[in-house]
Amino acid sequence: MVLHAAPLTSLKARELLGALAQLALFCDGQGLPASADVWLSREVIERFIDVGCPQVRESTRGNYRSRLMRLRELVLGGECRTGKPAELSASSPNRPYSQRELADLWGWAGGQPTDELRWGCKTLLALGAGVGLDSPEVIPLRVHDVRHAPDMRGPVVVKTRGPREREILCRRPWEAVLASAAERLETPGSASYLFRPNCHSRGTNTVTNFLSRTKPGQGSPRLVMGRLRSTWLVDLFESRVPITVIVAAAGVDTFHGLSRILPFLSGPPADEAAALLRGDG
């Protein structure tokens with residue numbers, strides 16, 4: 001991509017390569033195909049700037065954005081006549097999982113050959129579909145960041161780390177899974193990681209490296225944290241959770257970050273929509 005952009009100086013080439021390398025790590029962690037049309041789409045670049053580089057300063061994120069947007073212009077050309085940014089296709093990895101696909105993934109997780117792989121996959125499913133976390137938020141999570149009742153009944157609360165620190169209530173169907181994942185690792189005075197507790201070298205590819213070791217499933221989809229987060233968001237919208245609550249739980253500052261979910265939401269019947277718009281009780 002950088003070669004195609006034909007940078008005029010070696011410094012400019014290094015700047016573009018540095019930004020592209022960080023974007024590539026993020027896209028790989030999200031399971032996105034290695035394609036310029038996908039990596040350099042506005043949606044992916046903005047998603048990367050929003051959640052893909054939480055440890056860097058605001059000024060560095062601004063530099064990443066300007067360089068990637070410049071690279072987009074050089075490689076893909078200017079804006080289209082309509083002025084609309086390129087959209088990810090409905091078959092992109094951020095498409096929510098269906099209930100059947102979630103069931104298949106649960107079966108796939110339980111069929112992994114080792115206890116480490118089984119619990120790792122189940123933990124990712126619970127953190128993604130139950131709490132809406134993406135890979136950068138899963139990696140630093142500690143066992144004591146998950147609060148649950150001793151009998152593993154009742155609400156489970158997850159406190160995230162990093163620039164989007166917040167507390168999120170787990171969705172009811174995933175409470176027991178997440179509580180069990182935390183309980184099995186709880187040791188007094190310990191600060192173990194919740195995901196891959198024995199892996200002390202935590203890089204941006206921690207989740208990707210783990211999933212590369214799993215046994216492929218027969219007919220089950222790939223586990224992608226971006227798709228699990230989308231599934232969680234759609235579940236919240238379909239459950240009529242107020243949008244202000246969703247924005248706070250998702251850790252975003254604007255509604256723009258949630259706009260990619262709109263194509264996957266089902267509308268209410270016409271009579272119900274009319275009643276809601278009119279304000280009938």
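**Close-up views of a predicted model**

**Figure 1. The whole protein, by the numbers.** Residues are numbered from 1 along each chain as its sequence is written, and side-chain values use heavy atoms, with hydrogens and water left out. Of the 281 residues in the protein, 42% are buried (buried means under 20% relative accessible area, exposed over 50%, partly exposed in between, with a 1.4 Å probe and protein chains only). The secondary structure consists of 13 helices and three strands (DSSP runs numbered from the N terminus: helices are H or I with at least four residues, strands are E with at least two). Take the contacts between residues at least 6 apart in sequence: 65% of them join residues at least 24 apart (contact means heavy atoms within 4.5 Å).

**Figure 2. Inside the largest nonpolar core.** This core has 50 residues, and Leu124, Leu178 and Leu223 touch the most other members (a nonpolar core is a set of buried Ala, Val, Leu, Ile, Met, Phe, Trp, Tyr and Cys residues joined through side-chain atoms within 4.5 Å). Several helices each supply at least two residues of this core, among them H6 (99-110), H7 (115-129) and H11 (225-238). Leaving aside residues up to four places away in sequence, Leu124 touches Val138, Phe195, Val207, Phe210, Leu211, Leu223, Met225 and Leu228. A second, separate core of 21 residues includes Leu16, Leu40, Phe48 and Met69.

**Figure 3. Zooming in on Ser135.** Ser135 sits in helix H8 (residues 135-138). Ser135 counts as buried because its relative accessibility is 4%. Not counting residues up to four places away in sequence, Ser135 touches Gly29, Gln30, Val207 and Met225.

**Figure 4. A three-stranded open sheet.** The strands go in the order E1-E2-E3, with antiparallel pairing (two strands pair if DSSP finds at least two bridges between them). E1 (146-147) and E3 (167-169) stand at the edges with a single partner strand each, so one side of each has no neighbour in the sheet. Two bridges join E1 to E2 (residues 157-159), and Val146 stands opposite Val158 in E2.

Key:
Predicted model: local features only at pLDDT ≥ 70, side-chain atom pairs only at ≥ 80, totals over all residues.
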